[in-house]
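Please take a first look at the sequence and the structure below. Some questions and answers follow.

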Amino acid sequence: MQQWVLTQPKTLRLDTFDPQAIDTENNVKVKIEQVLFSQSDYDVYSGKTKCKMPFVMGRNAVGVVSEAAEGTMLQKMDRVVIEPYIPCTACADCNAERYEDCENMRELGINSQGLLGNFVNLPSAILHKLPDALSNEKALFVSYVAMGLNIVDKLRVEKGRHIAVLSSTKVGIIVAQLLAYYQAVPILISDSTEMLAEAKKLGIFYTVDTNEKDVEKEVLMMTGGRMCKEIVYFTNSKYNMHDVYSIAAFNGTICVSGYGNKDSRISVAQIAQKHLNIMGVYNGCGNFPSAINMLVTNTVNVDDMTGDKLDFAKLDVQLAELKPDNLSSRSNIIVID
């Protein structure tokens with residue numbers, strides 16, 4: 001068995017060790033075939049996102065079952081996507097079966113050792129069998145769609161409601177597609193002209209390029225002066241929180257999501273003045289089956305969200321040479337033979 005270990009920022013070491021037997025907790029052995037490498041993964045690799053090293057990266061991966069314990073409902077050679085979220089099962093929210101709200105959530109590749117190896121032993125509960133109609137490349141985006149579905153659930157989306165999505169990355173396009181599917185009216189706000197062009201191709205009618213337009217004026221016009229009762233703000237976005245406040249309607253809700261470490265501030269006084277509600281969504285726990293269906297039916301289109309393919313055997317050299325400029329709009333795929 002092999003895995004790449006991050007020993008310090010931008011320094012990888014390939015470890016080789018004997019195969020580990022499955023046990024009662026990690027009762028399935030998965031041969032990893034592809035791992036997504038996105039902006040959030042690069043932030044871990046570069047040291048921007050802090051983690052305790054040595055650390056194994058890899059948050060989104062697909063593979064094939066190599067061995068499964070009896071009673072797992074999985075068989076050898078089943079293709080699976082791996083859910084990176086592992087609830088603690090012991091906190092009050094877990095006991096109430098609100099696993100997405102777990103206060104001690106482990107997330108592979110973020111705060112727990114990840115999936116960047118050729119074989120990994122995992123609990124069957126976080127493995128989801130893939131239908132033949134869904135390619136490995138598309139399945140790598142299941143966790144993004146699942147998080148988007150959790151955002152939709154939290155906001156209790158209403159038909160015809162204008163909902164602003166502020167995002168500098170491809171997850172904004174995914175959430176906008178989901179909002180449109182549930183008959184809301186998404187307004188995608190971004191500093192990425194390329195990403196906004198892709199969104200328009202996918203039928204997202206209302207877009208605002210922050211490089212060219214005044215956000216408040218544009219949203220005022222698009223909503224007929226009503227502004228937005230709901231706003232989705234991704235923490236890795238490159239916007240001033242004043243823009244978020246300015247487009248929020250009175251009694252509005254701001255859903256904060258994502259993995260960015262940017263310190264974005266809005267004052268308590270501003271929250272009080274507009275009676276704003278602030279909520280957070282940090283994961284896609286609980287919505288993986290629905291997310292798989294959304295991708296199979298092409299309700300969410302991720303066809304243009306992948307970039308270069310990287311070779312597992314040469315990963316240390318390839319990542320050292322990688323320019324992360326395009327990772328926000330197109331994730332690379334690490335291929336494991």
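Q: Which residues does F119 touch, not counting residues up to four places away in sequence?
A: Contact means heavy atoms within 4.5 Å. Residues up to four places away in sequence are not counted. F119 then touches M1, K29, V30, K31 and S66.

Q: What kind of model is this, and how are its residues numbered?
A: Residues are numbered from 1 along each chain as its sequence is written, and side-chain values use heavy atoms, without hydrogens and water. Local features need pLDDT of at least 70, side-chain atom pairs pLDDT 80 or more, while totals for chains, interfaces and linings use all residues, as the model is predicted.

Q: Is F119 buried, partly exposed or exposed?
A: F119 lies in strand β8, residues 119-122 (a strand is a DSSP run of E, at least two residues, numbered from the N terminus). Buried means under 20% relative accessible area, exposed over 50%, and partly exposed in between, with a 1.4 Å probe and protein chains only. At a relative accessible area of 26%, F119 is partly exposed.

Q: In which sense do β1 and β2 pair?
A: Two strands pair if DSSP finds at least two bridges between them. Strand β1 spans residues 2-8 and strand β2 residues 11-16. Q8 stands opposite T11 in β2. Over six bridges, the sense is antiparallel.

Q: How many residues lie between β1 and β2 in the hairpin?
A: β1 and β2 form a hairpin. K10 in its turn has a positive phi of about 65 degrees. The number of residues between the strands is two.

Technical notes: Helix = DSSP H or I, 4+ residues; strand = E, 2+ residues; numbered from the N terminus.
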